[in-house]
Amino acid sequence: MNAGKGHLVLSLTLLLVLACNADDDGGLRKNFYKKSCPQAEKLVRDITWSKAQADPTLGAKLLRVHYHDCFVRGCDGSVLLDPVGTNQSEKNAVPNLTLAGFDVIDDIKKQVEQACPNTVSCADVLSLAARDAVSFPFKKPMWDVLMGRRDGNISLASNIPGNLPSPFADFSTLAQIFSKKGLNVNDLVVLSGAHTIGVAHCGTFSRRLYNFTGKGDADPSLNATYAASLRTQCPNPANPATTVEMDPQSSLSFDSHYFDILIENEGLFQSDAALLTNQGAAKVVQHLRSPDAFFSEFGKSMKKMGAIEVLTGTAGEIRKQCRVVNQS
């Protein structure tokens, strides 16, 4: 073989390798369990849909757990780990105290383990279940989930600050946190659209109602009529047990309505209102008012988020139970 032909063969081989990996995000891929546990995806979906039928808030719960997992140490299931002894796990951090749905993940994992022992990671179970719970009303998957994540064995409450976006954050802080995770401004706005489902505790936004600048005033960027309504639901001081819909009259519907209320200055959190303070982000908000645009973009951004700092190959482990690391 002469040098020219050898170079051509090498180039073609490289192109084939690149083509094979084009759909591979951080080592993740479609049909990862096709041979090792072909029933995995259907099993997770069937259990999740059964649970979602009984609890219409499950989509919001699991989506939030998935977000909180991926933004801290990557999508490695570390948020699922219980504290051990005096060590505070991610679950103990203040932003995570209101997370819910861990029992559902435990139940799914138990049944998946019975079908395919030591094969499907908790991180993948969570990624699939979050998608499936949100998708249940549509009776079809609303975005693709690539798989192959492995489970981390470290979970520290001290890792939360600076990694998890805060409802009190301004735009520059949000953009910086997302950028550290490989996500851009478009992803920031799109993923904020998850606030179209679920509820929030009064303490996460009460300062906007009663003491925005420390002078007993309200946030001027919050719609005054909406603020008055919120004050009736959340008297001062805030009751820790009281919750409010993040997307008024639409908190059980996964749709683009969140972006309509943003334009009306009815975003519940300071971080919601912050999206309108940046010209580029505000343009994305307008674009996502179209349901088709939102669903399409949300799927793309979820695929990116689901690949944040993932453990693949021989890194990490496949936990037998999602709340505890395997015993060596």
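**Exercise 1.** Decide whether C70 and C75 are buried or exposed, then describe the bond between them.

Solution. C70 is buried, as is C75; buried means under 20% relative accessible area, exposed over 50%, and partly exposed in between, with a 1.4 Å probe and protein chains only. The two form a disulfide with sulfur atoms 2.0 Å apart, where a disulfide is a pair of cysteine sulfur atoms within 2.5 Å. The torsion about their S-S bond is about 120 degrees, so this disulfide is right-handed.

The model is predicted: local features need pLDDT of at least 70, side-chain atom pairs count only at pLDDT 80 or more, and totals for chains, interfaces and linings use all residues. Residues are numbered from 1 along each chain as its sequence is written, and side-chain values use heavy atoms, leaving out hydrogens and water.

**Exercise 2.** Characterise the link of C122 and C322.

Solution. Their sulfur atoms lie 2.2 Å apart, forming a disulfide. With -100 degrees about the S-S bond, the link is left-handed. It joins distant parts of the chain, 200 residues apart: C122 is in helix α5 (residues 122-135), and C322 is in the segment after α13 (291-305). Helices (H or I, at least four residues) and strands (E, at least two) are DSSP runs, numbered from the N terminus. Both C122 and C322 are buried.

**Exercise 3.** What is the handedness of the disulfide of C202 and C234?

Solution. The sulfur atoms of C202 and C234 are 2.0 Å apart. The torsion about the S-S bond is about -70 degrees, so the disulfide is left-handed.

**Exercise 4.** How many disulfides are there?

Solution. The count is 4.
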